[in-house]
Amino acid sequence: MIRPAFAAWLARSKPFGAGEQALFSEAAGRAGLGLCHVDDRMMIAASHTIVTPEGCIVGSVFRRGETTSLTEANLRASSGTVSAASELTRDHWGDYVAFGTSRDGRYALRAPFGSLPCYWQEAPDHVVLASSVRLLGAFGGSAPAVDWHALGHFLAATDLRNGRTCLRGVEELGGGQAIEVSDRGIHLERHWSPWSWADRSQAFDTRDAAAEALARAIDIAVVSRLPVGVPAILLLSGGLDSSVVAAALASTGRRFTCLTMVVADAQGDERDHARAVAHHLDVPLVEVVRDPRQVDLTRPLARRLPRPTGAQFRQATFAAADDLARETGSALVIDGGGGDNVFCSLQSVAPVVDALLGMGRESRPIATAASIARMAQVSLAAVLARAGVRLVTRRAAYRWPVDHSLLDPGVIDGVDPSHPWFEVPRGTPPGKAAQVGLLLAAMAVADGLDPDRHPALLSPLVSQPVAEAALRVPSWMWFEEGRNRVLVRRAYAARLPASVVGRRSKGTPTGFLARLIEKEADMLRPFLLDGCLAIHGVIDRAAVEAALAPGPARDLRFARLLQLADAEAWARSWG
């Protein structure tokens, strides 16, 4: 499967004339895109589209609760139209960018939680929009250059998506956000908000009802994106999230092969869990040893993206997945990315406070506190004490974590970790505010996927149906008997091995990452200390030099060093 591609011009002041239309048509021909809409205010070229009365939709769109994507034929046969932005996000879901006509001009809307990007740049008389930075340039956008200040802010708040990229002049539409362009200027508006679903009036009353709704939403999100008969590769770690994706695929007879990556240390070796899942579902499993020699820290995974979002250690995973895809004829690689965030894996006392504030029929503050204490390995008294303090202060707003480590203080001056989703409605409990914060971080999973990659990579748990179902779950309802994500466990208990549904441990690649830093330390010293990030004042050179001192990797700074190496390689890829 190849992701759709598009480019568009939206007129700012004067209408497009024959000259502009000819230039756009020539650019479309060079890019291999077909013209799908041309008028004097909007021109769109795309690989394939759904034509609507007022524009077109690029990508896949589904009616709410359905798994069959809309086509021009069944769209025309349906009552009404899906061209209006608010109607589209309310009644439909998918992975799309929709173009249409508004009262004052023309607009583009990106799907909530869609992985199809929509980047944009201002030109003197119009706005250029495209699904990739490459296409922005092909359709007249300015040459990309690294914005070093924005890069520093990105490294301080990596998963926060507020429209800014790390390339000068390149902006990005967020999920559920629309850009309207007219002679009045450029207007950005959000047509989807988590607070419509997080409201108490939407909350599930029982765990059974919540589990049933989550299972239905997950099944819809997973199977709709993989057509029947199209083989795929599933990155199966053996953890709960990827195992749930496997169960959803298997229950509908989809063809897929599981791939699990094996590391040398026991902390990261989850092959027994992956084997149990594959055996239970009767699907093939391939095991590949993750080899540090397959990782090149000078080669960025996100070299075509406007942010350094690629975790370079995954090069070994993608190399194995690509090899297996060629062997099996698979065109899609699927994972369980973002599940921890979507399923509210909080590590705080906020859910306990929510349970105390709720005190509903199923609200169990003491049981919730006991679960949090068991997971955090602290006493019940300590959790209840902290919850009591939080209850008295009644602070609901979610504070986005900012990481200043190894960064130059000058470049991160003025970091503003704000977002419209952090404007918490009055009366919102703190756990629900934190859940929305986690959900925002999950959107970074979709934004970090290379739209030009083949085979395409898909994280179906980060989707509108799953997010909306998860937001209706009270935060305390996710925890029980020392486990998180209990509603997902309950929903798939009959479809997965008990050893996977009930496990409390979680595998981690930290041992592999530490060995990678130790192996590459001699290369990383000149690469980072004499590189672009140091020259442009992004990193604290002395602190990085100390972190790279000879000896075994200490604490968790090795993960930060790998992130900086990825940012350095990414910056160099832009010249």
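## Cavities inside the model

A search through the whole structure turns up 3 cavities of 30 Å³ or more. A cavity here is a set of points, on a 1 Å grid over the protein atoms alone, where a 1.4 Å probe fits but cannot get out; lining residues have an atom within 4 Å of a point. Grid points are joined across faces, edges and corners, and a volume is the space filled by probe spheres set on the points. Before going on, note that this is a predicted model, where local features need pLDDT of at least 70, side-chain atom pairs count only at pLDDT 80 or more, and totals for chains, interfaces and linings use all residues. Residues are numbered from 1 along each chain as its sequence is written, and side-chain values use heavy atoms, with hydrogens and water left out.

So what about the largest cavity? It holds about 90 Å³ of space. It is lined by 14 residues, and the closest to its centre are Arg161, Gly174, Gly175, Met443 and Asp447. Helix α15 (residues 430-447) gives the most to this lining, with 3 residues. Helices (H or I, at least four residues) and strands (E, at least two) are DSSP runs, numbered from the N terminus. By class, the lining of the largest cavity has 3 nonpolar, 5 polar and 6 charged residues. For these classes, Ala, Val, Leu, Ile, Met, Phe, Trp, Tyr, Cys and Pro count as nonpolar, Asp, Glu, Lys and Arg as charged, and the others, Gly among them, as polar.

## Two partners for α22

Start with helix α5 (residues 148-156) and helix α22 (residues 557-573): their axes come within 12 Å and cross at roughly 155°. That makes α5 roughly antiparallel to α22. Axes are lines fitted to C-alpha atoms, for helices over the stretch in contact, and angles run from 0 to 180 degrees between N-to-C directions. Angles under 35 degrees count as roughly parallel, over 145 as roughly antiparallel, 65 to 115 as roughly perpendicular and the rest as oblique. The crossing of α5 and α22 is right-handed; a crossing is left-handed if the near helix is turned anticlockwise from the far one by less than a right angle, and right-handed if clockwise. On the α5 side, Trp148, Leu151 and Leu155 make the contact, while α22 brings Arg560, Gln563, Leu564, Ala567, Trp570 and Ala571. Contact means heavy atoms within 4.5 Å. Sorted by class, that contact has 7 nonpolar, 1 polar and 1 charged residues.

Helix α19 (residues 510-529) also packs with α22, at an angle of about 50° and with the axes 9 Å apart. The two helices are therefore oblique to each other, and α19 passes α22 in a left-handed crossing. Among the residues in contact are Leu513, Ile517 and Phe527 of α19, and Phe558, Leu561 and Ala565 of α22. The contact of α19 with α22 divides into 13 nonpolar, 1 polar and 2 charged residues.

## How α12 meets α14

How do α12 and α14 sit relative to each other? Helix α12 (residues 350-358) and helix α14 (residues 380-393) pack at about 65°, with their axes 9 Å apart, and are therefore roughly perpendicular. Their crossing is right-handed. Ala350, Val352, Val353, Leu356 and Leu357 in α12 meet Val383, Ala387, Arg390 and Leu391 in α14. This contact has 8 nonpolar, no polar and 1 charged residues.

## Spots to look up in the chain

Two loops are worth a visit. The peptide bond from His454 to Pro455 is cis, with omega near 0°, and Pro455 sits in the loop between α15 and β17 (456-458). Asp282 has phi near 60°, a positive value in a residue other than glycine; look for Asp282 in the loop between α9 (271-281) and β15 (285-289).

Finally, find Ala491 in helix α17 (residues 486-491). The C-alpha atoms of Ala491 and Ala210 are 8.7 Å apart, although 281 residues separate them along the chain. Neighbours within four places in sequence aside, Ala491 is in contact with Ala211 and Ala215.

Key:
On a 1 Å grid over the protein atoms alone, a cavity is a set of points where a 1.4 Å probe fits but cannot get out, and a pocket is an open set with protein on both sides within 12 Å along at least five of seven lines; lining residues have an atom within 4 Å of a point.
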